[in-house]
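Biologist: I am new to this one. Could you put the structure up so that we may go through it together?
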Amino acid sequence: MKEINNDGNAIPVDVIYARARKLHEKGNLTAAEDQYRLLLKHCPDHAGALRWLGIIAYQAGHWEAATSLLEAAREQEPELVNIHGHLAMVYSAQENFERAIEMFRQELARHPEDSITYYNMGNLFKRQENTTAAEKYYWQALELNENFIAAYNNLGHMLLQDARPAKALAVMNRGMVYEPEYAPLRFNRSQALLLAGQLEEGFREYRWRKMEEDWLQQSFKQRLSQRPLWQGEGFSGRRLLIVCEQGFGDSLQFVRFVPQVKERGGLVTLWAQPQLRRLFASLAGVDDLSGGHPDELDLNAYDLVVPLLDLPGIFGVTLNSVPKRIPYLQSDPELVRFWTEKLRQSGSPDGRLRIGLVWAGNTYGGRHSVRSAALADYGPLVLPEISAQRRPVFFSLQKGAGSEEVAYPPAGMEIYDLTAAIDDFADTAALIMNLDLVITIDTSVAHLAGALGKPVWVLLPYGNEWRWLTGRETSPWYPAMRLFRQERKKDWPSVVAKVADSLTERIK
C-alpha cells in the first residue's frame with residue numbers, strides 16, 4: 001500500500017483519503033480540502049481526491065476549477081460512481097446545457113436504474129422551460145422510486161407554473177401519500193389549490209409557507225413562534241399584533257381582513273413595512289401602527305400574534321366571501337391635492353385620459369422576472385389611429401428596476417415621470433388618485449390601485465400567480481380590475497394588443 005510522508009510520518013494513502021472523506025461528511029470543508037490536496041501533491045492521479053475537490057469547488061461556485069478537477073477525475077477513472085452526474089451539475093450551473101445533457105446521458109448509460117439522475121435531468125429541462133422533456137424525466141424517476149418526494153414536488157411545481165393546477169394537484173396528492181409532512185410540497189400544493197379557486201382549503205394549507213427558509217427574517221420568525229398564535233377567537237381586553245409578511249403586494253391585498261380582526265376583540269397593532277406605514281394610517285381596525293426593523297419589535301408587549309396571511313384561512317374565505325369593502329385604503333386628501341399640483345406643474349395636458357404605467361417588477365428574478373415587460377412593449381398603447389388631441393397621456397409609476405426606460409419611451413408616447421418625488425406608497429396612492437386608469441404588470445401597484453378602488457388593468461404572464469386564478473378577466477379581490485392574460489409564454493405583444501383594443505374602445 002502506497003504511503004505518504006507527512007511531517008516525517010509515513011501514512012497510507014487510504015488512511016488519508018478516509019480521513020478527508022470523514023471531514024468532508026462532517027462539513028469541515030477546509031480541513032477536508034487540505035487532506036485532498038495533500039493526497040494530490042503525492043498522488044496527482046488520485047481520482048477520488050480530484051472528484052471531491054471538484055465538488056467542493058462546485059459548492060463554492062468556482063465553476064471553472066470544478067470542471068477542471070472533475071474532468072481530470074473522469075479521465076483517471078471513467079467508471080467513478082456518479083462522476084458524469086457531478087459534471088452535468090457543474091455544466092448546468094454554467095448554463096452549458098448541451099454539455100450537461102450529454103453528461104447526464106452518459107451517467108444513465110452506465111446506471112440506467114438511477115432515479116436521481118432522471119430527477120436531475122427533469123430539473124435541468126425544467127430550468128430550460130422544456131416542460132415536455134422535464135415531465136418525462138420526472139415520471140421516469142418516479143417509476144424507479146415511487147416515494148421520491150422531491151420529484152413529486154418539482155414536477156407538481158412545474159405543472160403549476162405551466163398553468164395546469166388540476167394535474168399539479170394530482171401529482172402533489174400522490175406525493176403526500178408517501179411523505180405528508182414534506183413542507184415544500186405542501187406549500188406548493190396550497191398554491192395549486194388557490195390557483196384552482198379552492199380558497200378555503202388552499203388558505204388552510206398555506207400555513208406551510210412558514211416552513212420556508214425565506215419566510216420572514218430568521219430571528220424574527222423564531223421570536224414570533226414563541227408567542228401565542230391568534231386563531232380567530234375573541235380577544236377582548238388583550239393586545240394582538242398582526243405582522244405583515246412577504247412582499248408589498250401581499251400586505252396591500254390582505255390588510256382588508258384587519259377590520260374583521262378588530263370586530264373580535266381588544267387592541268390591534270399592525271406591523272408593516274416602513275414604505276406602507278403612512279398609507280396604512282387610513283386603515284380601519286388599527287389601533288396602532290408599528291414599523292422599523294423587526295428585531296426592534298418588543299413581542300412581549302402583545303398577548304397574541306398572527307401573520308397577516310393567516311387571516312384568510314382563519315376566516316375561512318371562499319370565492320364568494322372575499323371582503324367586498326372597496327376601497328379599504330384611503331389616500332390623504334391633502335396629499336392628493338399636492339399631487340394634483342405636481343401634475344399641473346408637469347405641463348401635462350388636461351382633458352385627456354391619464355394613465356399610470358408600470359412595466360417591470362423587482363422580485364422573482366428582478367428585472368428579468370417572467371412577470372416583467374419593457375416600456376418598449378407598451379408602444380401600441382400610444383393608439384396612433386386616434387387623433388393626437390384624444391390620445392391618452394401617460395405617467396410613469398415605475399420605481400427601481402426598469403425605471404431608466406422612461407427616458408426612451410416608444411415613438412409617440414407622451415409620458416411624464418414624477419417618480420423622483422415619490423417617497424412611499426402613500427405618495428404613489430395620491431398620484432394614482434389623480435389618474436383615470438392604471439395599466440401594470442403583476443406588481444404591488446396593481447394591488448394598491450385595486451385597494452383604492454381605481455380602475456386598473458393587469459397584464460399577466462402565462463402560468464400566473466395563484467391570486468389571479470385561471471381563465472378569468474376579472475378578480476374577486478378587486479371589482480375595478482381587469483385581467484389580460486398571456487396565452488403563450490413570454491408573449492407580451494398579443495397581451496398589449498388586447499389592452500390597446502380595450503383602450504381604443506374606452507376612448508371612442
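Biologist: Is Ala65 buried, partly exposed or exposed?
Modeller: Ala65 counts as partly exposed because its relative accessibility is 38%; buried means under 20% relative accessible area, exposed over 50%, and partly exposed in between, with a 1.4 Å probe and protein chains only. This is a predicted model, in which local features need pLDDT of at least 70, side-chain atom pairs count only at pLDDT 80 or more, and totals for chains, interfaces and linings use all residues. Residues are numbered from 1 along each chain as its sequence is written, and side-chain values use heavy atoms, leaving out hydrogens and water.

Biologist: Which helix holds Ala65?
Modeller: Ala65 lies in helix 4, residues 63-76; helices (H or I, at least four residues) and strands (E, at least two) are DSSP runs, numbered from the N terminus.

Biologist: On to the sheet: what is the order of its 6 strands?
Modeller: The order is 9-8-7-10-11-12, in an open sheet with parallel pairing. Two strands pair if DSSP finds at least two bridges between them.

Biologist: And which are the edge strands?
Modeller: Strand 9 (415-417) and strand 12 (481-485) are the edges, each pairing on one side only.

Biologist: How many bridges join strand 8 to strand 9?
Modeller: There are 3 bridges between strand 8 (residues 393-396) and strand 9. Phe394 stands opposite Ile415 of strand 9.

Biologist: Now the largest nonpolar core: which residues touch the most other members?
Modeller: Ile242, Val255, Phe280 and Leu329 do, out of 145 residues. Such a core is a set of buried Ala, Val, Leu, Ile, Met, Phe, Trp, Tyr and Cys residues joined through side-chain atoms within 4.5 Å. A second, separate core of 29 residues includes Phe394 and Trp492.
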